[in-house]
Amino acid sequence: MYQVTKLHYHTQQNLLDVYFDDGLTHSLSAEFLRVHSPSAEVQGHGPGQQQLVLNKQDVAIGQIEPVGHYAVRLVFDDGHNSGLFSWQYLRKLCEQHETLWQDYQQRVSAKHDVPIKFMP
């Protein structure tokens, strides 16, 4: 089990630096964190129910609230605050950042490639 030792949010760049007890450090954008929130609103209530969250390029983190010694609640400026980012979930986001981001970008692209039907 990895422990987060420090979180540092860069308000100008909307980046959250995550520091782990084994020396791993990674920066995650507020947009990435928002669209990968562990909340049921984003993840759904079971396999295959993940929601595609769009238009969060300019979202920022307004507050970081500690939850015990195992997680944080990120309060985003769009009002979203229901996901608890456990240390283990943050580790997953850091380790799989590129894959998760590419998958998200592909899903966004596929959503926008749907042809529009015009009805007279």
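Which residues have the most contacts inside the largest nonpolar core? The exercises below work through this and related points.

The model is predicted, so local features need pLDDT of at least 70 and side-chain atom pairs count only at pLDDT 80 or more, while totals for chains, interfaces and linings use all residues. Residues are numbered from 1 along each chain as its sequence is written, and side-chain values use heavy atoms, with hydrogens and water left out.

**Exercise 1. Describe the largest nonpolar core.**

Step 1. A nonpolar core is a set of buried Ala, Val, Leu, Ile, Met, Phe, Trp, Tyr and Cys residues joined through side-chain atoms within 4.5 Å. Buried means under 20% relative accessible area, exposed over 50%, and partly exposed in between (1.4 Å probe, protein chains only).

Step 2. Name the residues. The largest nonpolar core has 22 residues, and those with the most contacts inside it are Leu28, Leu33, Leu74, Phe85, Leu90 and Leu93.

Step 3. Name the elements, which are DSSP runs numbered from the N terminus: helices (H or I) of at least four residues and strands (E) of at least two. Two or more residues of this core come from each of β1, β2, α1 (30–35), β5 (71–76) and α3 (87–95). The most come from α3, which gives five residues.

Step 4. Look at one residue. Apart from neighbours within four places in sequence, Leu93 touches Leu28, Phe32, Leu33, His36, Phe85 and Leu100, where contact means heavy atoms within 4.5 Å.

**Exercise 2. Work out the strand order of the open sheet.**

Step 1. Two strands pair if DSSP finds at least two bridges between them. The open sheet has three strands in the order β1-β2-β3, with antiparallel pairing.

Step 2. Find the edges. β1 and β3 (25–29) each pair on one side only.

Step 3. Inspect one pair. Six antiparallel bridges join β1 and β2, and Val4 has Phe20 in β2 as its bridge partner.

**Exercise 3. Locate two residues with positive phi and one further loop residue.**

Step 1. Asn14 has a phi near 55° and sits in the loop between β1 (4–10) and β2 (15–20).

Step 2. Asn55 has a positive phi of about 60° without being a glycine. The loop that holds Asn55 runs between α2 (40–43) and β4 (61–67). Asn55 counts as exposed because its relative accessible area is 63%.

Step 3. Thr11 also lies in the loop between β1 and β2. Its relative accessibility is 57%, so Thr11 is exposed.
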